[in-house]
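Try each task yourself, then follow the solution step by step.

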Amino acid sequence: MSVSASAPAPVAAPVSGPARPLLVRATACAALLLGAAVAAPPAASAAPVHETVTVDSEGRIAADGTVTLSGTYSCLDVSGPVLVGSSVHPGTGDTRYGVGGTLAVCDGETHAWENTGRVPSAVLKAGSVDVEATLTELRSAGGLPLPVSHAVQQREVTLVRG
């Protein structure tokens with residue numbers, strides 16, 4: 001068995017001129033194909049986007065089934081109208097009952113919301129219920145408003161007479 005000597009590897013010369021942008025693009029493409037993420041560091045002046053919706057621990061229910069829920073929300077950088085929606089689940093069955101909606105102001109500040117809606121009086125009573133609040137943008141796509149969820153909170157709420 002013989003072993004042949006190999007020639008020394010060529011030394012790469014620095015690339016400059018018109019070939020340099022092509023080499024940079026080729027290197028970036030190769031890195032992406034190999035699964036490496038090439039990311040730019042975040043700009044120092046970019047503020048973090050903080051979108052939230054909360055639900056207060058107590059809601060109200062009237063004798064006629066009118067439910068009032070409340071909480072807070074915060075949103076920023078939207079292109080369409082944003083709504084704070086809420087629903088209740090009485091704890092049995094699969095049905096959630098919508099409880100109103102509030103048009104949101106998305107300026108990055110924290111705002112209060114309050115939704116009121118009527119649920120069949122036989123369905124809900126004072127006591128514990130599951131409540132879900134959503135912060136949803138209606139973004140236009142080809143002329144159709146498509147819902148884009150920005151924040152959701154689900155929690156147990158105590159409904160009190162009032």
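## Exercise 1: A residue in a loop

D77 is exposed, with a relative accessible area of 60%. (Buried means under 20% relative accessible area, exposed over 50%, and partly exposed in between, using a 1.4 Å probe and protein chains only.)

Before going on, note that this is a predicted model, where local features need pLDDT of at least 70 and side-chain atom pairs count only at pLDDT 80 or more, while totals for chains, interfaces and linings use all residues. Residues are numbered from 1 along each chain as its sequence is written, and side-chain values use heavy atoms, with hydrogens and water left out.

**Task.** Find where D77 sits and look at its phi.

**Solution.** 
- Step 1: D77 lies in the loop between β3 and β4. Helices (H or I, at least four residues) and strands (E, at least two) are DSSP runs, numbered from the N terminus.
- Step 2: The phi of D77 is near 55°, a positive value in a residue other than glycine.
- Step 3: Compare this with the general rule: most residues other than glycine have a negative phi.

## Exercise 2: The nonpolar core

**Task.** Which residues of the largest nonpolar core touch the most other members?

**Solution.** 
- Step 1: Start with what to look for: a nonpolar core is a set of buried Ala, Val, Leu, Ile, Met, Phe, Trp, Tyr and Cys residues joined through side-chain atoms within 4.5 Å.
- Step 2: The largest one has 23 residues, and V67, V88 and L135 touch the most other members.
- Step 3: Two or more residues each come from β3 (66-74), β4 (82-89), β7 (127-141) and β8 (144-161). β7 gives the most, with 4 residues.
- Step 4: Leaving out residues up to four places away in sequence, V67 touches several others, including V88, V99 and L159. Here, contact means heavy atoms within 4.5 Å.

## Exercise 3: Salt bridges

**Task.** How many salt bridges are there, and which residues form them?

**Solution.** 
- Step 1: Apply the rule: a side-chain nitrogen of Lys or Arg within 4 Å of a carboxyl oxygen of Asp or Glu. The count comes to 2.
- Step 2: D130 pairs with R96, their closest N and O atoms being 2.9 Å apart. D130 is in strand β7 and R96 in the loop between β4 and β5 (97-103), 34 residues apart.
- Step 3: E137 and R139 also meet in a salt bridge (2.9 Å, N to O). E137 is buried, at 0% relative accessible area, whereas R139 is partly exposed, at 34%.
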